[in-house]
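Dear colleague,

I am handing over a structure that will be new to you, and I would be glad if you looked it over before reading on. My notes on its pockets follow.

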Amino acid sequence: MNLESPKINVSKSPQEVFDFLSDIKNFESLMPENISKFEVLSDDTFLFALKGMPEIILKKKELVPPNKIVLGAAGGKLDFSLTGNIVENSDSSSDVQLTFDGDFNPMMAMMIKGPISKFIETLATSIPKSI
């Protein structure tokens with residue numbers, strides 16, 4: 001299953017956006033209102049839970065400054081990644097798009113497609129307000 005957020009324009013350089021997303025503590029400010037738990041576990045791992053959903057642990061898997069950050073599921077039953085792609089428009093403007101890739105059975109994919117789409121859209125649209 002592959003889902004994409006809308007492309008969001010941010011009035012910051014790609015490096016500034018990359019630095020913001022590289023600090024996992026900043027993800028708390030991007031989370032939707034229905035978050036029930038957020039906890040930094042280490043410099044590259046955090047746990048979060050949305051109301052009615054199981055806890056999810058994300059870990060930084062790949063960093064390609066200043067254009068790409070990949071977070072992946074750390075343990076648990078679900079195997080997926082969340083990738084932030086940052087494209088430079090000018091010295092002080094970037095486009096950010098989040099992509100979610102997961103390998104789920106058709107029933108699970110059908111159940112989580114809507115909530116995950118809304119979740120990554122919320123994360124992406126919160127980036128310009130949070131940096």
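The lining of the largest pocket draws at least two residues from each of S4, strand S5 (56–64), strand S7 (80–90) and helix H2 (106–130), where helices (H or I, at least four residues) and strands (E, at least two) are DSSP runs, numbered from the N terminus. This is a predicted model, in which local features need pLDDT of at least 70 and side-chain atom pairs count only at pLDDT 80 or more, while totals for chains, interfaces and linings use all residues. Residues are numbered from 1 along each chain as its sequence is written, and side-chain values use heavy atoms, with hydrogens and water left out.

H2 gives the largest share of that lining, nine residues. Of the 23 residues that line the largest pocket, Leu50, Met53, Pro115, Ile116 and Phe119 lie nearest its centre; a pocket here is an open set of points on a 1 Å grid over the protein atoms alone, where a 1.4 Å probe fits, with protein on both sides within 12 Å along at least five of seven lines, and lining residues have an atom within 4 Å of a point.

Thr45 is buried, with a relative accessible area of 9%, buried meaning under 20% (1.4 Å probe, protein chains only). Beyond its neighbours within four places in sequence, Thr45 is in contact (heavy atoms within 4.5 Å) with Ile24, Val40, Ile57, Leu58 and Lys59.

The second largest pocket has a lining that includes Ile57 and Phe80.

With best wishes

Terms used: Buried means under 20% relative accessible area, exposed over 50%, partly exposed in between (1.4 Å probe, protein chains only).
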